[in-house]
Amino acid sequence: MSLKFTGHVTEEAGAGRERMLYGQPNANYRFAPEEHRQKRKKQKKRRWQIIFPRHAGWPPNGNCKKQSHSSIYTEDLTSGSHDDVLNASQLQKLLYLLESTEDPVITERALVTLGNSAAFSANQAIIRELGGIPVVGNKLNNPNQSIKEKALNALNNLSVNVENQVKIKMYIHQVCEDVLSGPLNSAVQLAGLRLLTNMTVTNDHQHMLSSYITDLFHVLLAGNGHTKVQVLKLIVNLSENPAMTEGLLTAQVDSSFLALYDGHVAKEILLRVLTLFQNINNCLKTGGRLAVRPPSPQGSLSLLLYGEECAQKMRALASHQDADVQEKAVTIIPEF
């Protein structure tokens, strides 16, 4: 099992909603360019060892190899193919290590291994049943930003399982605070946004983000391209839920938001802000409120979306060179 993340993997998560797996093992590794294959071969030769303190009743079975120092045992959890899945016994040892060690290097390695393991659906349930979610969640309090990021990545992969979300939801407020108060565009901020995106794939826990909507728009406008895309994935998930429509429309949003509807904006951003507008319109239609919208609060998203400046931008996008952008803009124009 490789301890190296291979990147972000987006999975389909229902109509228009997105969820993210972080560091899912790359099953198509053998088809990578020759230079990449050689690099991966060198990485496979490196043996990362998990260290377990020896005490009465530990290790729990005979799978650990004794080192020269009599006080510790070690098990190489990376033997074999990089696609190997850790079994329940190995995961239990990994969680014990994570809970008992204070060494930041070992903590980070254990979180990386656990996060990679949680990319497999079978392990998502096993880790929950072993009591692993609070063990990982406790690491969110660690002042080490790299450890916090790895804990968020592990929770992110675990949150793909709906039953796991019931336990992970207790960390939503903490993650929101970290996302909003942490350094802009940081690894921790992006990891937190990915977790929140997964937690809003269904409507079950979206209400827990209601008080953070205005602040999320602030991050959207201040962040770089990567941050903008990740915030939009989260907000688009919220926009599909009619129960969140009022909170979105009344959110205080700077007028610079309309610049995201300019024709030169990157497609991955432009399509998402158009989808946001589409979803809000659809939710209003469902509730019969689109034709008789209430007055928009000053400085609100509603005032921006249904104002003349936005209408002009939609008409311009109807002639955009990209067919997908055109299609979305044309569906929005009749609402003005």
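**Entry 1: Ser100.** I began with Ser100, which I found in helix H2, residues 88-100. Before going further, I noted that this is a predicted model.

**Entry 2: the whole chain.** Next I stepped back for an overview. I counted 16 helices and five strands in the protein chain. Of its 336 residues, 51% count as buried. The chain exposes about 15,500 Å², and carbon and sulfur atoms supply 51% of that area. I then looked at contacts with a separation of 6 or more: residues 24 or more positions apart account for 69% of them.

**Entry 3: the core.** Which residues have the most contacts inside the largest nonpolar core? I wrote down Phe217, Phe257, Tyr261, Ile280 and Leu305, in a core of 77 residues. Helix H13, residues 267-286, gives the most to this core, with nine residues. Where does the core sit relative to the domains? Domain 1 (84-209) and domain 2 (213-335) both give residues to it, so the core lies between them.

**Entry 4: Tyr261 and the rings.** Leaving aside neighbours within four places in sequence, its contacts include Leu270, Val273, Leu274 and Phe277. Leu305, Cys310, Lys313, Met314 and Leu317 are also in contact with Tyr261. Then I turned to aromatic pairs, and the count came to four. In one of them, the rings of Phe257 and Tyr261 have their centres 5.7 Å apart and their planes at 85°, so I filed the pair as edge-to-face. Phe257 and Tyr261 are both buried. Which residues do ring pairs link into a cluster? They are Phe217, Phe257, Tyr261, Phe277 and Tyr306.

Entry 5: I jotted the background beside it: an α-helix has 3.6 residues a turn, so residues three or four places apart point the same way.

**Entry 6: helix H8.** I repeated the exercise on H8, residues 172-181, whose buried residues are Ile172, Val175, Cys176, Asp178 and Val179. Down the axis of H8 these fall within an arc of 165°, so they line one face of the helix. The cover over them includes helix H6 (145-158), helix H7 (162-168) and helix H9 (187-199).

**Entry 7: Asn185.** Last, I followed the chain into the loop between H8 and H9, which is where Asn185 sits. Asn185 is not a glycine, yet its phi is positive, at about 70°. For context, most residues other than glycine have a negative phi. Asn185 has 27% relative accessibility, so I logged it as partly exposed.

Technical notes
Residues are numbered from 1 along each chain as its sequence is written. This is a predicted model: local features need pLDDT of at least 70, side-chain atom pairs count only at pLDDT 80 or more; totals for chains, interfaces and linings use all residues. Side-chain values use heavy atoms; hydrogens and water are left out. Buried means under 20% relative accessible area, exposed over 50%, partly exposed in between (1.4 Å probe, protein chains only). Helices (H or I, at least four residues) and strands (E, at least two) are DSSP runs, numbered from the N terminus. The arc is that of the directions from the helix axis to the C-beta atoms. Contact means heavy atoms within 4.5 Å. A nonpolar core is a set of buried Ala, Val, Leu, Ile, Met, Phe, Trp, Tyr and Cys residues joined through side-chain atoms within 4.5 Å. Domain bounds come from an automatic or database domain assignment. Accessible areas come from the Shrake-Rupley method with a 1.4 Å probe; for residues, only the protein chains shown count as cover. Rings of Phe, Tyr and Trp (its six-membered ring) pair if their centres lie within 6.5 Å; planes under 30 degrees apart count as stacked, over 60 as edge-to-face and the rest as tilted.
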